[in-house]
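Trainee: Could you take me through this structure one feature at a time, giving the general idea before the particular case?

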Amino acid sequence: MTHILPLHPPAFARLPEAFYSRVSPEPLHTPYWVAQNHVLAAEIDMPLADFNDDMLAYLSGSAAHYDPAPIASVYSGHQFGVYVRQLGDGRAMLLGESSDAQGRAWEWQLKGAGKTPYSRFADGRAVLRSSIREYLCSEAMHGLGIATTRALALTGSHDAVYREEPETAAIVTRIAPSFIRFGHFEYLYHTGRHEQLAPLADFLIARHFPECRAAENPYFALFQEIARRSAELVAAWQSVGFCHGVLNTDNMSALGLTIDYGPFGFLDAYDRRHVPNHSDTAGRYAYNEQPYVVHWNLSRLASCLLPLVSDSALIDELERFPELFQTAYLNKMRAKLGLQTEQKGDDELVADMFTALQSRKVDFTLFFRRLADVGNVHGEALPEDLMALFHGPAESFHAWIGRYRGRLRAENSDAAERKARMNAANPLYVLRNYLLEQAIALAKNGDFREIDRLHRCLQNPFEEKQEFADFAETPPDWAGQICVSCSS
């Protein structure tokens with residue numbers, strides 16, 4: 001049997017040592033498995049037999065020897081719009097990388113394995129609560145078809161970690177093609193290391209954007225591709241009601257992946273101004289602000305590429321971003337509405353629909369699933385379970401549904417075929433914060449079965465299964481009071 005360990009030295013370590021520091025994990029005492037992701041293990045060609053005691057020690061920072069030596073990278077970032085000169089992997093370390101049968105390279109990273117030179121005044125640890133959130137949401141996003149880092153395993157310990165109150169420690173093993181962020185470029189630019197910008201960009205192009213090599217200016221082509229991926233990513237978030245919670249530039253992946261799951265949340269009742277992070281008192285990262293923030297973050301990245309790309313080219317590309325986003329977003333929304341053609345006024349149709357949902361605080365996810373049962377016939381009674389989501393009068397929605405039905409009739413839409421398309425585009429299950437709270441409460445008492453059940457459900461959130469019926473219910477009243485923090 002071929003085993004995936006030991007890992008290969010990470011390609012990132014071939015960059016100059018100014019990019020990273022060698023580090024050593026701080027072991028967890030008496031570690032135990034909280035979760036093993038057998039689905040991802042199969043995808044990266046890791047034998048399931050490797051989830052053994054040796055692997056438990058390795059992924060809990062407790063192995064006697066690490067070869068290659070782990071590294072932690074340094075980067076900067078704009079946090080809530082304010083530049084912070086040095087951030088970096090304060091509680092993450094890159095173990096190495098593996099290759100699968102298709103030749104794809106996967107970096108392995110431990111999150112919560114102890115202090116690094118970039119921890120500042122923090123302890124480098126992660127708590128069980130936040131680690132469960134990251135483990136499950138990474139895989140939930142993958143199930144939704146949204147670009148993301150992945151989570152291979154979750155280990156825990158009874159070691160005490162102090163946040164708002166004493167909690168227990170945990171470590172997530174994260175897997176991704178790369179963990180390079182906008183902040184890596186920011187660090188080099190703002191600290192005057194301009195000569196290192198080209199090597200970092202060359203590394204990204206060689207490893208992840210080879211198509212950019214043929215461009216007249218490969219560095220500009222790289223920025224164009226990052227902008228395109230970022231537009232598609234935030235459009236995908238908006239289409240499923242996902243709120244990242246802390247879209248600082250250091251939490252923006254150069255590969256267009258969802259990265260760093262902290263104070264995130266999926267919308268329950270639709271509220272365009274929803275803020276999942278109780279630290280975000282100004283609402284900078286509210287749901288409706290996410291496309292604008294990603295655009296602003298791209299402008300910060302563009303400024304770092306000025307030694308490599310003309311300012312006029314970068315400005316032109318930044319001015320294209322709203323169109324990139326709107327195109328990607330409307331394509332997503334047409335699929336969610338079961339529309340097969342592109343028509344003038346689609347943006348108004350979508351905006352007016354959400355205005356109707358906003359006024360009645362309608363459940364985002366359940367609305368689209370139940371909308372699939374609406375027929376094309378003008379004046380036909382609307383499904384009772386759909387109208388129950390409005391909790392009262394819905395005049396603006398009734399006006400909107402007439403326009404929607406007219407559009408369906410103009411397309412000669414077949415109701416059964418449309419329902420199948422809509423159910424393939426609209427998840428029945430999302431990782432609601434109240435479901436996480438319930439799983440976390442059980443896990444704190446040593447019961448990890450709900451973590452496994454959520455993981456199994458969210459691998460295919462579009463397919464209805466009776467065993468997960470409770471995950472598709474209207475959230476309880478107390479769910480609306482959940483607001484998480486950056487330590488969540």
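Mentor: We will go through strands, a helix, some backbone angles and an annotated residue.

Mentor: This is a predicted model, in which local features need pLDDT of at least 70 and side-chain atom pairs count only at pLDDT 80 or more, while totals for chains, interfaces and linings use all residues. Residues are numbered from 1 along each chain as its sequence is written, and side-chain values use heavy atoms, with hydrogens and water left out.

Trainee: With which strands does β10 pair in the antiparallel sense?

Mentor: Strands (E, at least two residues) and helices (H or I, at least four) are DSSP runs numbered from the N terminus, and two strands pair if DSSP finds at least two bridges between them. Here β10 (residues 166–176) pairs in the antiparallel sense with β7 over 5 bridges, with β8 over 2 bridges and with β9 (residues 150–162) over 9 bridges. β9 and β10 form a hairpin with 3 residues between them, and alanine 160 stands opposite threonine 168 in β10.

Trainee: Which residues of α12 are buried, and why do they line one face of the helix?

Mentor: The expected span of a helix is 1.5 Å times one less than its number of residues. Helix α12 (residues 395–410), with 16 residues, reaches 23 Å from its first C-alpha to its last, close to the 22 Å expected. Its buried residues are Phe397, Trp400, Ile401, Tyr404, Arg405, Arg407 and Leu408. Seen down the axis of α12, these buried residues fall within an arc of 155° (taken from the directions from the helix axis to the C-beta atoms), so they line one face. On the other side of α12, Glu395 and Ala410 are exposed.

Trainee: Where are positive phi values found in residues other than glycine?

Mentor: Arginine 120, with phi near 55°, lies in the loop between β7 and β8 and is exposed, at a relative accessible area of 54%. Lysine 361, with a positive phi of about 55°, sits in the loop between α9 and α10 and counts as partly exposed at 40% relative accessibility.

Trainee: Which residue does UniProt list for "active site", and is that residue buried or exposed?

Mentor: UniProt positions are given in the numbering used here, with shortened feature names, and annotations may be inferred rather than shown by experiment. The unreviewed entry lists Asp250, which is found in the loop between β11 (242–243) and β12 (265–266) and counts as buried at 6% relative accessibility. Contact means heavy atoms within 4.5 Å; not counting residues up to four places away in sequence, aspartate 250 touches residues including Tyr75, His78, Arg181 and Asp260.

How values were computed:
Buried means under 20% relative accessible area, exposed over 50%, partly exposed in between (1.4 Å probe, protein chains only).
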